[in-house]
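These are my notebook entries on a structure that I had not examined before. I set down what I looked up, entry by entry.

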Amino acid sequence: MQPYRSVLFVPGHRPAWVAKALASGADAIVLDLEDSVPQAEKAAARATVAESIRRVRADNPDVGLFVRVNPLNTKMTGADLEEVVVPGLTGIFAPKVEQATDVLRYDALLDHFEARNGVSGLEYIIPVETVRAIHSCLEVATASPRVGAMIGPTAEHADIARAVGYEWTLEGTETLYHRSRILLACREAGIHALTGLWEDLENLDGLREFARRGRQLGFRGMIAIHPSHVAVINDVFTPSDADVAFYRGLVEAYEKAAAEGIGALRYRGVHIDKAHYDKALEWLERAERLRARDATNGEEAK
C-alpha cells in the first residue's frame, strides 16, 4: 500500500463534500457508507459513491480512493460492494473485522465483484474496533494479501473507547498497550500502520501534538474526519529536510567507511553501524516515495 499520511473520511451521500476533501491535500479519501450515512439513505448512497469514484479518478490519478462499507453482520456488505467496486477504486475500508475468517469473507465477496466489474488489485484498510480484534490483530493483518493497512485507534468517543472502556487523555497511556500491539502486528505483516482519531475539530495545536506522538511510537499516517486537519497531519508525517539530510549523510558515511573495511564509526557524534545504515535506507525510501507523490501532485495542481 502507498504510504498514506492522511486518510480523510467523507460521507458517501454528500458528493459536494468530495471536492473539499480533494482540495485539502489528503493522500487518500474514504467515501463512507457506514456510520455517517442515515439508514434511509444507504441504498441511494451506493450509486452516489460509485459516481464519485468515477468522477474523482478521471482527474486525480494518484489519490487513494476507499469505501467504508457496512459491516458483514448488517447483511448490507454484498449490496454495497456490488455497486461501489468500480474501476478507479483503490480499496475497501473494512469495518468490524475481528478475526481472520472475517477477512476471508470479504475476500470471497471482492473476488466475485472484481471479476464481474472489471476491477483488480483492491486493498483493505482495517480498523481495530473491538477487544477481540485487538487480540486477533496479527492473524487479521496476515490473513490476506489484500490487507494493506491497519489502524491503531485512540478515539475519545468511538467504537474502540466503548469496547475497551478507557478514559481518553492526550498523553495516550490508556491506549498505549493496544496501539503498540497493533503497530507490532503491522510491522510483522509488512503493512502500513495508521493511527487515529482526533475529534476536537478546532484544536489544531492539540492535533499536531497527538499526531507527533503517534509518529514517535511508529505510526506512519493518520485518519482524519475534517479537511482542516489534513495539512497538519501531512506536515507531521512528512520527513523534514533536516531529517533527510541526516540520513543521507549517514548512508554516505557508512558506505565510505565500509569500503575501507570499517564496520562501525562515529557520525555527527553518534555511533553507527550496519543496523543504523539499514534503518536509514528504509527511512529514505519512504521519504522519497512521499516526496515523489508531493511533487507529482504539485505538478497536477498547476
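Is Cys186 buried or exposed? I looked up its relative accessibility, and at 0% Cys186 counts as buried. I note at the outset that the model is predicted.

I then searched for disulfides. A disulfide is a covalent bond between the sulfur atoms of two cysteines. I applied a cut-off of 2.5 Å between cysteine sulfur atoms, and the count came to zero disulfides. For Cys137, the nearest cysteine sulfur is that of Cys186, 7.8 Å away, and Cys137 is in no disulfide.

Entry on the fold. I counted 12 helices and 10 strands in the chain. The radius of gyration is 20 Å, close to the 19 Å that the globule rule gives for 302 residues, so the chain is as compact as a globular protein of that length. Along the principal axes, I found that the C-alpha atoms fill a box of roughly 70 × 45 × 40 Å.

Entry on contacts and burial. I took the contacts between residues at least 6 apart in sequence and found that 71% of them join residues at least 24 apart. Of the 302 residues, 49% are buried.

Entry on surface and charge. I recorded an accessible surface of about 13900 Å², with 53% of it belonging to carbon and sulfur atoms. I listed 35 positive and 44 negative side chains, and the centres of these two sets lie 1 Å apart.

Terms used. Residues numbered from 1 in each chain as written. Predicted model: local features only at pLDDT ≥ 70, side-chain atom pairs only at ≥ 80, totals over all residues. Heavy atoms only, no water. Helix = DSSP H or I, 4+ residues; strand = E, 2+ residues; numbered from the N terminus. Rg over C-alpha atoms; globule rule 2.2 N^0.38 Å. Buried < 20%, exposed > 50% of the residue type's maximum accessible area, 1.4 Å probe, protein only. Contact = heavy atoms within 4.5 Å. Areas by Shrake-Rupley, 256 points an atom, 1.4 Å probe, with all protein chains shown as cover. Lys, Arg positive; Asp, Glu negative; His and termini not counted. Charge placed at Lys NZ, Arg CZ, Asp CG, Glu CD.
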